[in-house]
Amino acid sequence: MKTIILSDLYWEGHLRSITEDEIEKFRNEDIDKTRYFSIKRYLNIILEEKANLVLFAGDVTGDGSCGHGFQYAFLILLKILESLKIDTCYISGNHDEPPYYSIVNNRVRDYKYIKEISNKTIDINGVKVLGIPYETTYSKTKIKALYKIIEEDKHQYDIIIAHSQLKRRIQLFDIDTKVIITGHYDRKIMAFNQSAFISLDNDSSEISYAIFNQEESNETVSIAVLNAFDDTYSITEKINNLHSDNREVHIDK
């Protein structure tokens, strides 16, 4: 099982002009049009990595750099993933404002392979995922309420996806999980307690993403960066080795 995690999607400004009617008429082959270049970059990563599961860790309809209102750009990507029958989950970040994010949620409600999992757990082909959105990590009251759900679950998670402020991330390490991946800020891979931890962010020229590869007796995590020249560089670590060495690696911009 190979899971790919993306976060803080950076959209080109003209994609804000995509309309609902354009979504209706969109066909997969249209992705090759210049208009959809930045959407295709994300799709190519997913397809080239041959992911079985795709997770988006927040800031999917806008971010601090490109602004807001890119719900239809994200929906084009989700529409393609649905047509390809690739299981996909997403959560909200601090730049996913309700008017835009709600459009995405309403649109995918009847999709079979696309799920919104903020404050929810889901089991996909034996991979148990917990989604923790920005608004939950930001609020002590909401994080306590989430812990009640976790206590009722009584199982180890495979993956937690979050969108967490730096000062709030320590709370995530109290949860029994193999891998924690957060968007919002920083590029790092490290071990803490019993979990592997990866943080992601993006900008106009580079896309950072994570991979959790579950093979028999050999689970690995990776953090990769696709640069403006479409060159990819990455670091891959066996989870057991990451724990034993207590290593911390930063991926500088």
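Two strands count as paired if DSSP finds at least two bridges between them, and strands here are DSSP runs of E, at least two residues long, while helices are runs of H or I, at least four, all numbered from the N terminus. With that in hand, take Thr 121: its bridge partner in β6 is Leu 130.

Okay, quick housekeeping. This is a predicted model, where local features need pLDDT of at least 70 and side-chain atom pairs count only at pLDDT 80 or more, though totals for chains, interfaces and linings use all residues. Residues are numbered from 1 along each chain as its sequence is written, and side-chain values use heavy atoms, with hydrogens and water left out.

Back to that pair. β5, residues 120–124, runs antiparallel to β6, residues 127–132, over 5 bridges. Together they make a hairpin with 2 residues between the strands, and Asn 125 in the turn has a positive phi of about 50°.

Now the open sheet. It has 7 strands, ordered β4-β3-β2-β1-β11-β12-β13, and the pairing is mixed. β4 (114–116) and β13 (232–238) sit at the edges with a single partner strand each, so one side of each has no neighbour in the sheet. From one strand to the next, the twist averages 20°; the axes are lines fitted to C-alpha atoms, for helices over the stretch in contact, with angles from 0 to 180 degrees between N-to-C directions. Over at the β13 end, β12 (residues 218–226) joins β13 through 7 antiparallel bridges, and Ser 222 has Thr 236 as its bridge partner in β13. At the other end, helix α4 (residues 98–107) lies across β3 (87–91) and β4, at about 155° to β3.

So what's packed inside? A nonpolar core here is a set of buried Ala, Val, Leu, Ile, Met, Phe, Trp, Tyr and Cys residues joined through side-chain atoms within 4.5 Å. Buried is under 20% relative accessible area, exposed is over 50%, and partly exposed is in between, using a 1.4 Å probe and protein chains only. The largest core has 42 residues, and Trp 11, Phe 74 and Leu 78 are among those with the most contacts inside it. Helix α3 (71–83) is one of the elements supplying at least two residues, and its 9 residues are the largest share. Leaving aside neighbours within four places in sequence, Leu 78 is in contact (heavy atoms within 4.5 Å) with residues including Phe 56, Tyr 90 and Ile 114. There's also a second, separate core of 25 residues, including Ile 91 and Ile 223.
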